[in-house]
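The sequence and the model come first, and the description follows.

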Amino acid sequence: MACNNTPIDSDVALNQSTPSIGSSYIAQPAPFRILLVIIMVFMIAVGFFGNAIVCLIVYQKAAMRSAINLLLATLAFSDIMLSLLCMPFTAVTIITVNWNFGAHFCRISAMLYWLFVLEGVSILLIISVDRFLIIVQRQDKLNPHRAKVLIAMSWALSFCISFPSVIGRTFVEVPARAPQCVLGYTEFPADRVYAVMLVVAVFFMPFSVMLYSYLCILNTVRRNALRIHNHAESLCLGQVSKLSLMGLQKPQQMNVDMSFKTRAFTTILILFIGFSLCWLPHTVFSLLSVFSRQFYYSPSFYITSTYILWLSYLKSVFNPVVYCWRIKKFREACMEFMPKTFKILPKVPGRTKRRIQPSTIYICSETQSAV
């Protein structure tokens with residue numbers, strides 16, 4: 001949200017030192033804006049349909065309504081809302097270089113933007129903590145009921161954090177320096193405190209917790225892999241010594257495949273990396289906009305804000321692409337929803353696998369010789 005919090009009696013002094021909000025700024029050339037809007041329309045389509053498939057899978061199949069799938073469906077729903085209720089208005093403003101939706105909707109769009117972003121980040125944080133408890137602490141406490149409670153709490157918390165942008169005393173004007181309402185320069189301490197609280201809740205706090213969780217998880221997986229490898233080698237050496245005494249041929253060395261143990265965790269880790277890459281620039285951009293008058297009133301601020309906002313929206317498209325790449329059931333569901341005329345390859349039946357507890361995937365007892 002673009003904020004102009006300079007007191008009225010100091011407007012003249014401010015205008016003498018820096019350009020006003022409505023002063024000239026540099027925008028991209030028309031062909032580049034058209035190309036950027038075409039890309040954003042494609043992002044809206046991918047973000048909507050890709051995340052909608054996730055929600056449909058969980059909604060239509062009762063067996064898929066596990067705790068982790070409910071969280072992923074909520075993450076997909078927040079990305080759908082972000083794609084439908086925020087991105088189109090940004091695309092229109094980029095092509096017209098003018099906000100055509102009124103000052104009141106400027107406040108509403110800012111609240112919706114932060115609401116859906118905060119909800120998506122909260123879900124990623126819950127998933128990361130759940131993986132930490134399962135892999136590091138060996139505690140599988142999350143069930144569908146608790147997942148629903150956490151989802152409701154995350155929506156309530158996200159709404160409470162984003163709602164002050166609508167009813168607060170901060171003046172929010174029609175954005176002229178960015179393609180949508182963004183945090184703007186302010187000199188009021190209360191507004192700066194709110195801006196810092198917002199970026200901490202959106203990025204710094206979740207990033208710190210998730211980074212610590214994943215570092216602990218990686219260390220645990222590495223130690224378990226070494227323990228399995230060493231235990232398998234000791235068993236192989238024991239078998240070789242026994243068989244050599246019997247005059248038999250040396251057996252082939254055991255090959256312990258650990259890929260399936262870390263695949264689910266790796267998918268979540270990739271989502272975390274995508275979140276970090278998409279939102280670190282936006283966090284720095286927001287802080288500079290609030291605290292640096294020179295940065296906010298620079299002629300290149302419009303171009304910078306366009307790129308930063310485009311990158312933040314890329315996260316809603318990034319998640320379904322990762323699902324399609326990493327999750328076989330998601331690819332199969334995409335084929336089911338695809339029209340029959342586009343189905344070229346016949347469906348090959350897959351092998352049925354026994355369901356196991358998530359915590360047992362990453363645990364290797366001392367008596368286990370193979371997974």
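The report describes a predicted model, going from the whole chain to selected residue pairs and surface features.

## Overall architecture

The chain contains 13 helices and zero strands.

Of the 371 residues in the chain, 44% are buried. Among contacts with a separation of 6 or more, 86% are between residues 24 or more positions apart. The chain exposes about 19500 Å², and carbon and sulfur atoms supply 68% of that area.

## The disulfide

The structure holds one disulfide. This bond joins C106 to C181, with an S to S distance of 1.9 Å. C106 lies in helix α5 (residues 103–135) and C181 in the loop between α7 and α8, so the bond ties together parts of the chain that are 75 residues apart in sequence.

Both ends fall below the cut-off for burial, which is under 20% relative accessible area. C106 has a relative accessible area of 0% and is buried. C181 is at 3% relative accessibility and also counts as buried.

C216 counts as buried because its relative accessibility is 18%. C324 has a relative accessible area of 35% and is partly exposed.

## Salt bridges

How many salt bridges does a search of the whole structure find? The search finds three. In general, side chains of opposite charge can pair when their charged atoms come close.

In one of them, the side chains of D79 and K315 meet at 3.8 Å, N to O. The pair links distant parts of the chain, with D79 in helix α3 (residues 67–85) and K315 in helix α11 (residues 301–326), 236 residues apart. D79 and K315 are both buried.

Another salt bridge joins the side chains of R293 and E187, at 2.2 Å from N to O. R293 is in helix α10 (residues 293–296), while E187 is in the loop between α7 (164–167) and α8 (189–245), so this pair ties together parts that are 106 residues apart in sequence. R293 counts as partly exposed because its relative accessibility is 24%. E187, at 36% relative accessibility, counts as partly exposed as well.

## The pair R131 and D130

The side chains of R131 and D130 also meet in a salt bridge, with an N to O distance of 2.8 Å. Both residues are buried.

D130 lies in helix α5. Why does D130 count as buried? Its relative accessibility is 7%, and a residue is buried when its relative accessible area is under 20%. D130 and K141 are eleven residues apart in sequence, and their C-alpha atoms are 8.0 Å apart in space.

## A nonpolar surface patch

Which residues make the nonpolar surface patch of about 490 Å²? The patch is made by V129, V196, V200, F204, M205, V209 and F291. The largest share, five residues, comes from α8.

M205, one of the patch residues, is placed in helix α8. M205 counts as partly exposed because its relative accessibility is 39%.

T267 is found in helix α9, which covers residues 259–291. At 7% relative accessibility, T267 counts as buried.

Which residues is T267 in contact with, leaving aside its neighbours within four places in sequence? These contacts are V322 and R326.

## Summary of the links

The disulfide between C106 and C181 connects helix α5 with the loop between α7 and α8. The salt bridge between R293 and E187 connects helix α10 with the loop between α7 and α8.

Notes
Residues numbered from 1 in each chain as written. Predicted model: local features only at pLDDT ≥ 70, side-chain atom pairs only at ≥ 80, totals over all residues. Heavy atoms only, no water. Helix = DSSP H or I, 4+ residues; strand = E, 2+ residues; numbered from the N terminus. Buried < 20%, exposed > 50% of the residue type's maximum accessible area, 1.4 Å probe, protein only. Contact = heavy atoms within 4.5 Å. Salt bridge = Lys/Arg side-chain N within 4 Å of Asp/Glu carboxyl O. Patch = residues over 30% accessible without salt bridge, like charges linked within 9 Å, V, L, I, M, F, W, Y side chains within 5 Å. Areas by Shrake-Rupley, 256 points an atom, 1.4 Å probe, with all protein chains shown as cover. Disulfide = S-S within 2.5 Å.
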